[in-house]
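Please read them alongside the coordinates.

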Amino acid sequence: MICVVTGASGHVGANLVRGLLRRGDRVRALVHVDTAALSGLQVDLVRGDVCDPSSLRAAFEGADVVYHLAARIAISPDTESLVESVNVAGTRHVVQACLDCRVRRLVHFSSIHAIAEAPAGCPADESVSLVAASSCPSYDGSKAEGERFVIDMLQAGLDAVVVAPTAVVGPYDYRPSYFGRVLLLLATGRLRVLVRGGFNWVDARDVADGAIAAADRAPAGQKYVLSGHWLTLGQVAELASSLAGTPRPLGAVPLGLARACAPAGEVLARLARREPLFTRYAVSALSQHRFVSHEKATRELGYVPRPFEQTLADTLEWFAQRGCLPGPERSAGS
């Protein structure tokens, strides 16, 4: 089977490519610039850009399945125009290229952030409506708009399924991702104060397996939330400190105080010419989606996320092998 992966050099993409190769699929990896995550793999590297429709048609020709992961994640307002062009217009280009090239199936990666807050006492799942683009952060709205377009195009003959992961963590995080950088700060004892709140964390390898199962088994038009386990930042920090043998953070500030201080953090990061980690959007995300259900994916796809402790140990071990953590390499069972 010929599978195309857009965003193949990203965190989830790197895990998905490896999962497809393990089962013997031929993989075309659509890459824009960075290829470090694919070094040494037996893949067909195709230079392209979801904002360039002609490059997509060249990559999709003859493909059985297209996994559309390419997206721009934004936790600050500075990249709103790029978020729109990649996550909305780019998805439109991918869908049209799938139709033009008669791709058998599109697996579209949405996000838990595209889902509105569930009613009190109810879990966030596939039945909850998408956010309104006009009343939410640009990333959330753009992912919702991209997902709506994919579903709308079922009427034009598109065969597509949607998967919506929660906060992804795991190995093969080459860049690293936003949370990968936070995790490295925790594991080296450099993040001394946390923000109260938490999120639902899922292993990138489980997300990849869920997406492959959706491509193989899901009826067209279906959506699956791929979630894992909810932990506070404090619980994540406790586990990371224990595994890495580094000091635990000193404490955590309330969400309200963190929101008030976040704009100053954004300004300081901008002055230092580095991407901010402490932003209004990042703080807001820690209060969203306390309960997330993957029951549908488990029932229909056999999706079972692994324990978070295993994910964290494997991730720190991978970072250690990459030389991102000081000291001796840590075993996943330590």
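1. The protein chain holds eleven helices and twelve strands (DSSP runs numbered from the N terminus, with at least four residues of H or I for a helix and at least two of E for a strand). Its radius of gyration is 19 Å, close to the 20 Å of the globule rule for 334 residues, so the chain is as compact as a globular protein of that length. The radius is taken over C-alpha atoms, and the rule is 2.2 Å times the number of residues to the power 0.38.

2. This is a predicted model, in which local features need pLDDT of at least 70 and side-chain atom pairs count only at pLDDT 80 or more, while totals for chains, interfaces and linings use all residues. Residues are numbered from 1 along each chain as its sequence is written, and side-chain values use heavy atoms, with hydrogens and water left out.

3. Of the 334 residues, 54% count as buried (under 20% relative accessible area; exposed is over 50% and partly exposed in between, with a 1.4 Å probe and protein chains only). Among contacts (heavy atoms within 4.5 Å) between residues at least 6 apart in sequence, 74% join residues at least 24 apart.

4. Strand E4 (residues 65-68) is covered on both faces: Val 65 and Tyr 67 are buried on one side, Val 66 and His 68 on the other. In a regular strand, side chains alternate between the two faces of the sheet. E4 pairs in the parallel sense with E1 (residues 2-6) over four bridges, and four bridges also join E4 to E5 (residues 105-109), again parallel. Pairing requires at least two DSSP bridges between two strands. Cys 3 stands opposite Val 65, and Val 66 is opposite Leu 106 in E5.

5. Helix H6 (residues 204-217) has 14 residues and should span 20 Å at 1.5 Å a residue, which agrees with the 20 Å between its end C-alpha atoms; the expected span is 1.5 Å times one less than the number of residues. Eleven of the 14 residues are buried, so H6 is largely enclosed by the rest of the structure. Among them are Arg 205 and Asp 206. At the start of H6, a side-chain oxygen of Asp 203 comes to within 2.7 Å of the backbone nitrogen of Arg 205.

6. The peptide bond from Arg 175 to Pro 176 is cis, with omega near -15 degrees; Pro 176 lies in the loop between E7 (167-169) and H5 (178-187). Tyr 172, in the loop between E7 and H5, has a positive phi of about 60 degrees and is partly exposed at 28% relative accessibility.

Methods. Polar contact = N/O pair within 3.5 Å; in protein donor to acceptor, adjacent residues only side chain to side chain.
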